[in-house]
Amino acid sequence: MFVARSIAADHKDLIHDVSYDFHGRRMATCSSDQSVKVWDKSENGEWHCTASWKTHSGSVWRVTWAHPEFGQVLASCSFDRTAAVWEEIVGESNDKQRGLSHWIKRTTLVDSRTSVTDVKFAPKHMGLMLTTCSADGVVRIYEAPDVMNLSQWSLQHEISCKLSCSCISWNPSSSRAHPPMFAVGSDDSNVTYGGKVQIYEYNENTRKYGKAETLMTVTDAVHDIAFAPNLGRSFHVLAIATKDVRIFKLVPMRKESTSTGPTKFEVQIVAQFDNHNSQVWRVSWNITSTLLASSGDDGCVRLWKANYMDNWKCTGILKGDGSPLTGSSGQPSAMSTVLGSSVQSSQNALNGMSAGSCLLTSVLDSH
Amino acid sequence: MSGSKPDILWSPHHPDRYVICDSELGLYRIGPVGSAEAKAGTLPLSEETAATLLAINSDTPYMKCVAWYPKHEPECLLAVGQANGRVVLTSLGQSHNSACKELVGKEFVPKHARQCNTLAWNPVDSNLLAAGLDKHRADFSVLIWDISSKLSPETSVAAEKIRLSSVDLDSSTVVTKPLYELGQNDACLSLCWLLRDPKLLLAGMHRNLAIFDLRNTSQKTFVNTKAIQGVTVDPHFHDRVASFFEGQVAIWDLRKFEKPVLTLTEQPKPLTKVAWCPTRTGLLATLTRDSNIIRLYDMQHTPTPIGDETEPTIIERSVQPCESQIGSFAWHPSSQNRMVVVSATNRVMTDFTVFERISLAWSSTTSLMWACGRHLYECVEDSAEGVESMIEKDIATKMRERAQSRYGHDTVQVWRNHLLAGGKDAQLKSLWHDLFYILSVSHMKQCAEDMELKLQGNVQSVVYSGIKNIVKTTSGTTESRRCWIGSDRQTDVLRYHSEERCLALRLCGWISRGTDTDVENFLRSLEQEHEWERAAAVALFNLDIRRAIQILNKGAMAEKGDLNLNVVAMALSGYTDEKSSLWREMCSSLRLQLKNPYLCIMFAFLTSEPGAYDGVLYESSVAVRDRVAFACMFLNDAQLPRYIDRLTLEMKEAGNLEGILLTGLTKDGVDLMESYVDRTGDVQTASFCMLKGSPGEVLKDPRVQCWIENYRNLLDAWRFWHKRAEFDIHRGKLDPSSKPLAQVFVSCNFCGKSISYSCSTIPHQGRGFSQYGVSGSPTKSKVTSCPGCRKPLPRCALCLMNMGTPVSNCQGTGKSDEKVDLTRENKLAQFNNWFTWCHNCRHGGHAGHMLSWFRDHTECPVSACTCKCMQLDTTGNLVPSDSS
């Protein structure tokens with residue numbers, strides 16, 4: 001059961017991204033108003049904005065945290081064709097008293113010729129590495145060789161994906177059995193260009209990233225992509241936001257010790273849901289990758305969960321403005337159980353899934 | 001408006017009213033569905049709203065365009081442009097005040113009749129109404145009428161016109177003299193008044209866009225373009241204008257009017273309407289002919305006249321408000337991103353809101369944050385009890401709760417760990433009991449070995465390797481045919497005995513010690529747990545029908561006369577081994593209707609042929625341990641390994657933890673655990689379980705290491721640092737190789753040697769601060785000098801004593817409560833003696849002194865040092881969320 005409450009964000013324009021830090025005690029938001037805000041959670045659970053500053057000269061698309069072992073570090077990317085790395089520094093004592101912190105720009109990455117659409121830090125076991133992807137279809141991987149000096153970043157890899165890139169996701173698995181791997185999605189809407197999700201893998205011998213897989217069945221524009229936290233599982237799970245929510249499973253095939261090529265995967269589609277009617281914008285996994293949240297053109301946030309048979313189901317719907325979702329019964333209430341009927345019609349019949357009952361709850365805090 | 005193509009206009013002042021115009025004008029009011037006002041005849045527009053028809057006006061035929069009077073009074077005044085070029089003022093609904101009455105019916109007639117294409121009220125000087133007409137030789141095509149003008153004095157001219165017109169008109173209401181005449185020798189297709197200056201009128205002429213200035217009508221600014229249809233000014237950005245031609249939209253900046261600042265991607269069909277969203281900056285909606293989607297262009301960038309090199313960001317979106325083809329749409333003037341859509345035919349209307357793109361993120365503690373528009377919403381898993389029964393909690397939540405209840409840490413009564421996990425999960429219960437039996441048997445064996453001077457080789461590893469490997473090496477199996485206890489009737493049931501089978505039964509928990517037929521202890525414990533059916537089945541399999549019946553009777557009594565148990569007891573008592581008896585026949589057919597699997601297998605056992613016990617062995621709702629124990633008793637040396645192998649494979653594939661009994665903590669067990677983790681993500685159970693295994697094989701498995709690392713990472717992310725540290729200690733006991741090395745050594749300034757007496761003093765993790773435990777040093781001696789060169793150690797920056805001197809409470813602070821706190825907390829007082837220093841400025845002192853200093857100060861206590869030692873590490877300021 002989930003309960004929603006509103007937080008006064010005070011951004012002057014659309015918020016494009018929300019990102020939690022490793023511990024979930026800090027949060028960053030970025031917006032078309034060209035600023036990034038950092039929020040800290042107090043002991044009583046309230047969020048306080050402790051920093052807000054202009055980061056770019058265009059809409060800021062994404063913001064992301066580095067692992068805290070590298071310090072308090074953020075990266076942002078923007079329509080202004082740049083990505084930037086920010087570090088929190090010890091502020092003046094009166095700042096601290098007012099509950100404000102100070103962030104300074106450590107570097108600006110200016111290699112892209114077009115809008116930088118996504119920025120992500122690589123899993124921490126790879127060191128301090130940052131990846132960007134841009135509308136011209138190039139993925140760039142930067143590395144800070146000295147983690148104490150965040151103004152030095154060297155461009156390690158430049159990978160051309162041929163298609164305008166919209167999103168990128170690292171495989172978070174730290175297992176030695178899995179070489180570094182990321183997936184990149186394209187928002188190119190031309191279905192004839194084929195698969196819009198490409199998976200790249202690091203090759204130890206060539207020291208380069210090579211394409212391991214293209215998901216040929218995803219032909220529509222992809223808006224978001226998310227590898228599930230692996231948690232020691234023997235396979236990888238990838239959620240894709242395109243015209244529907246899709247969940248793919250990538251099972252690495254047993255590799256002969258002699259072969260040096262990229263890992264071959266058995267790609268299975270685990271679930272496909274078109275409940276959002278038309279476009280899905282974002283997907284996000286919880287820490288154990290047992291819950292998936294998605295948002296779409298219907299203005300709702302939906303929660304998905306698999307049962308023990310690996311059948312995914314909708315377990316909750318929340319309206320984007322936090323207000324209760326009124327079913328056809330028309331009785332808005334703080335807590336109501338809507339039986340499948342309203343969702344079932346559009347529920348995908350894949351794997352013989354049935355919609356079942358969706359528990360939905362949402363309470364608007366009069367904030 | 002030809003009759004087929006409708007249009008919609010929102011009332012400028014009533015947020016709940018709009019007009020649909022096709023062949024007539026229809027005024028609608030929109031309201032919540034099912035409200036008190038709703039009567040029969042309302043049309044549903046969405047799940048929440050419905051429309052009521054308030055008025056119809058069909059007085060004006062040949063409508064081509066309509067415009068709503070922009071001012072409050074008179075309300076519901078509409079200008080209608082007709083096919084013959086006339087503009088008629090009309091009204092909808094009731095309550096005409098005098099001003100309105102005067103205006104309604106007024107007609108404005110051009111010199112030459114031709115189609116009126118567009119109408120636009122001046123938003124400020126609302127007497128001015130601009131009309132755009134088709135071309136007629138050298139005549140003007142943009143006429144600006146003053147609706148307040150007195151009726152034309154030249155009635156003769158008007159009378160002339162009347163003859164031309166088809167409708168007979170009252171000449172007293174006809175105006176023929178426009179205030180301004182513009183656009184000579186041209187056609188006008190679209191018009192709009194510029195918001196930055198109400199004297200400026202933008203017109204889409206035949207081949208150009210022209211801006212007319214009413215203060216100087218002889219001049220116009222113009223630009224040649226084809227995109228002359230549907231000119232419209234962005235209400236949020238008064239220099240931005242959109243117009244279109246065929247499938248292409250052009251966006252203009254009036255400050256650099258020479259060419260469009262932007263042309264949007266061409267659409268395959270001609271556009272019919274383009275409209276800026278009045279409630280949101282830079283959102284443009286477009287509609288093409290014969291389409292059921294509305295395409296939205298979200299312009300994220302404020303255009304600047306100079307910034308040529310940055311083109312605006314455009315996010316393209318398509319929305320589908322309804323299934324049918326859309327005739328027209330109109331943005332709601334004040335409701336956020338809302339529009340009403342009318343279908344191309346049948347006047348089907350839909351109330352529709354364009355939602356913002358929501359971005360979202362999960363936190364490590366399972367709360368969900370999302371951003372919708374400019375707002376943030378946080379959603380947390382509510383721990384309301386009522387619903388929990390309906391939806392199982394997520395494994396992330398479960399693991400957090402289990403970590404807090406010290407799940408996995410009970411190393412003595414290992415089986416109790418399933419209670420720490422909540423005690424509801426049957427698989428976990430089975431797993432921890434398995435581990436308990438394995439550990440206790442191996443412990444017993446070890447003791448026995450010690451006494452017997454290790455006669456048997458490596459029993460321990462056999463025990464760890466599970467029943468699958470134990471029964472593989474059967475030798476010296478004996479058969480016995482025994483009597484039913486308490487009767488001398490011979491059974492034809494063969495029972496097998498061997499040392500290995502006996503060991504297996506112990507692992508199953510059926511017997512603890514003594515002979516392999518003594519299950520009385522086990523039965524008693526089952527009775528205590530009220531597992532009557534299971535106890536009865538176990539008794540029966542040990543050929544003690546009388547005991548089974550006794551258990552069932554006891555159960556029936558305890559469960560307040562459970563009829564089922566009594567009936568079963570009765571049926572049991574009638575047992576006969578005659579092959580063709582009625583009892584047998586009835587039992588084998590009726591047993592399938594018994595709900596309890598144990599009752600079911602009791603009859604399966606009694607009615608089956610000796611040696612063919614499939615009804616018992618493949619009853620999947622019976623616990624694996626009971627089935628395995630049964631198999632060890634009644635399957636022969638050929639059948640048993642086959643059955644066990646098959647069951648093991650089944651368990652491995654399903655990731656069923658009950659199978660750990662069969663696989664033990666071997667590579668097989670890791671395989672099984674892998675499929676359990678694949679299925680559930682429960683790395684916590686996997687980590688704790690595998691830690692119990694023999695360090696040599698299992699713990700070295702990269703998968704096991706991976707689970708352990710992932711579990712530790714989870715604990716860190718939840719800030720369960722104490723739990724993680726406890727886990728590491730627990731792990732270090734069982735797997736000494738996992739112990740980390742000491743991380744910090746302090747070397748003497750003079751001789752460079754480590755000042756520790758022993759390198760094995762407690763290491764401490766930390767980024768900014770490190771400690772040297774004086775009181776914890778192994779020799780317990782006072783150290784105020786380097787053990788190597790006897791030079792004094794550094795002084796505390798506050799008390800100026802050499803390190804190693806016992807700390808005294810600061811007198812300066814004078815906080816009495818603090819002192820009380822320190823004396824009471826003996827442990828803390830010891831910590832106060834620790835020497836700490838800042839890695840940044842390398843000043844330091846006794847921990848207690850430093851803490852009390854930084855309670856009131858932010859800068860280092862050493863003079864002229866401005867280091868903000870305490871704020872250097874943000875993680876250091878986080879509080880572990882599991883400290884008690």
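The C-alpha centres of domain 3 and domain 4 of chain B lie 73 Å apart. Domain bounds come from an automatic or database domain assignment, which for chain B gives domain 3 as 474-635 and domain 4 as 833-870. The assignment also lists domain 1 (58-148 + 172-223) and domain 2 (395-446 + 461-468 + 657-737) of chain B.

This is a predicted model, in which local features need pLDDT of at least 70 and side-chain atom pairs count only at pLDDT 80 or more, while totals for chains, interfaces and linings use all residues. Residues are numbered from 1 along each chain as its sequence is written, chains are lettered from A and ligands numbered from 1 in the order in which they are written, and side-chain values use heavy atoms, with hydrogens and water left out.

Rings of Phe, Tyr and Trp (its six-membered ring) pair if their centres lie within 6.5 Å; planes under 30 degrees apart count as stacked, over 60 as edge-to-face and the rest as tilted. The count over all chains is 36 aromatic pairs. In chain A, one aromatic cluster is formed by Trp170(A), Phe182(A), Tyr200(A), Tyr202(A) and Tyr209(A).

A charge sits over a ring if NZ of Lys or CZ of Arg is within 6 Å of the ring centre and within 35 degrees of the ring normal.

| Charged residue | Ring | Distance from ring centre |
|---|---|---|
| Lys249(A) | Phe235(A) | 4.4 Å |
| Lys273(B) | Phe329(B) | 5.6 Å |
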